[in-house]
Amino acid sequence: MPLTITRHGHSCVRVERDGRVLVVDPGTWSDLDAALDGAEAVLITHEHPDHVEVGAVADRVRAGVDVWAPGTVVADLEAAGAPRHRLHPVADGDDLTVAGARVRVLGERHEVIHPDLPVPANVAYLVDDVLLHPGDSYTLPPAGTSVDVLLQPVGAPWLRLADAADYVRAVAPRTVVPIHDELLSERGRAGAVRLLRTLVPASELVVLASGEPLRLPG
């Protein structure tokens with residue numbers, strides 16, 4: 001069955017296949033109710049609040065949702081009252097089955113924001129070998145992987161659009177969906193998309209509004 005992905009603000013993406021739902025990075029700038037409705041699993045790339053709203057996710061874990069995340073996020077969720085048996089620490093190289101999908105865990109670190117700031121753990125998730133969510137990183141997929149959709153951050157303190165374009169070129173996805181854009185104005189979003197379209201013409205750029213789905217070919 002093909003995957004359907006739906007953006008729900010900033011870096012939050014809902015992934016559905018055959019009636020099963022997993023959600024990546026439900027953070028403070030996401031439409032949490034829409035994203036998490038009916039979800040059986042949550043994947044979190046790293047600990048920053050724009051990628052995980054700890055209280056809301058802990059509530060869902062208490063209601064029966066399982067979470068896969070770096071150890072620091074697992075600790076935060078457990079401290080917020082989430083049952084430990086539903087929290088699953090992940091690291092680079094893990095190969096999981098989550099909500100019926102194959103999920104490969106890649107990478108280890110967030111991109112550097114400033115040398116004076118600590119660099120948190122960050123993992124990327126490759127879903128069914130076709131959908132790549134890098135979190136806040138330029139983590140590459142395994143050699144030989146043909147990524148259909150790359151969820152590409154376009155606005156962040158750590159990000160330079162020239163580097164983002166080089167990353168897209170290295171991944172060489174069929175489609176790029178811009179994410180991580182809440183720090184940008186509407187003109188800023190449009191400018192980022194326009195520049196990426198110029199620099200990575202081999203990939204189709206698809207801009208999804210919050211709540212707008214994209215169906216991947218099966």
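Is H8 buried or exposed? H8 is buried, with a relative accessible area of 7%, where buried means under 20% relative accessible area, exposed over 50% and partly exposed in between (1.4 Å probe, protein chains only). This is a predicted model, in which local features need pLDDT of at least 70, side-chain atom pairs count only at pLDDT 80 or more, and totals for chains, interfaces and linings use all residues. Residues are numbered from 1 along each chain as its sequence is written, and side-chain values use heavy atoms, with hydrogens and water left out.

**Around H8**

- H8 is found in the loop between β1 (4-7) and β2; strands (E, at least two residues) and helices (H or I, at least four) are DSSP runs, numbered from the N terminus.
- Leaving out residues up to four places away in sequence, H8 touches R14, S30, D31, A34, A35, S210 and G211, with contact meaning heavy atoms within 4.5 Å.

**The aromatic cluster**

- A pair of aromatic rings is described by the distance of the centres and the angle of the planes.
- Rings of Phe, Tyr and Trp (its six-membered ring) pair if their centres lie within 6.5 Å; planes under 30 degrees apart count as stacked, over 60 as edge-to-face and the rest as tilted.
- By this rule the model has two aromatic pairs.
- Y138 and W158 make an edge-to-face pair, at 5.5 Å centre to centre and with 70° between the planes.
- Y138 sits in the loop between β10 (131-133) and β11 (149-153), and W158 in the loop between β11 and α4 (161-171), so this pair ties together parts that are 20 residues apart in sequence.
- Y138 and W158 are both buried.
- The ring centres of Y138 and Y167 are 5.3 Å apart and their planes stand at 55°, so that pair is tilted.
- Here too distant parts of the chain are linked: Y138 is in the loop between β10 and β11, Y167 is in helix α4, and the two are 29 residues apart.
- Y167 is buried, as is Y138.
- Together, Y138, W158 and Y167 form one aromatic cluster.

- E111 lies in the loop between β8 and β9 and is partly exposed, with a relative accessible area of 24%.
- Neighbours within four places in sequence aside, E111 is in contact with D136, S137, Y138 and W158.
- E111 and H10 are 101 residues apart in sequence, and their C-alpha atoms are 17 Å apart in space.

**Nonpolar cores**

- A nonpolar core is a set of buried Ala, Val, Leu, Ile, Met, Phe, Trp, Tyr and Cys residues joined through side-chain atoms within 4.5 Å.
- The largest such core has 29 residues, of which I5, L22, V98 and L131 touch the most other members.
- The elements giving two or more residues to this core are β2 (13-17), β3 (20-24), β4 (41-43), β7 (95-98), β8 (101-106), β9 (124-127), β11 and β12 (175-179).
- With three residues, β8 gives the most to this core.
- L22 touches V13, R14, V15, A41, L43, V98, A99 and A101, not counting residues up to four places away in sequence.
- There is also a second, separate core of 22 residues, which includes L150, A164, V168 and V193.

**How α4 meets α5**

- Two packed helices are described by the angle between their axes and the distance between the axes.
- Helices α4 and α5 (residues 186-199) pack at an angle of about 45°, and their axes are 10 Å apart.
- Axes are lines fitted to C-alpha atoms, for helices over the stretch in contact, and angles run from 0 to 180 degrees between N-to-C directions.
- That makes α4 oblique to α5; angles under 35 degrees count as roughly parallel, over 145 as roughly antiparallel, 65 to 115 as roughly perpendicular and the rest as oblique.
- In this packing, L161, A164, A165 and R169 of α4 meet A192, L195, L196 and L199 of α5.

**Positive phi values**

- Most residues other than glycine have a negative phi.
- D129 is not a glycine, yet has a positive phi of about 60°.
- D129 is found in the loop between β9 and β10 and counts as partly exposed at 25% relative accessibility.
- H180, also a residue other than glycine, has a positive phi near 55°.
- H180 lies in the loop between β12 and α5 and is buried, with a relative accessible area of 2%.
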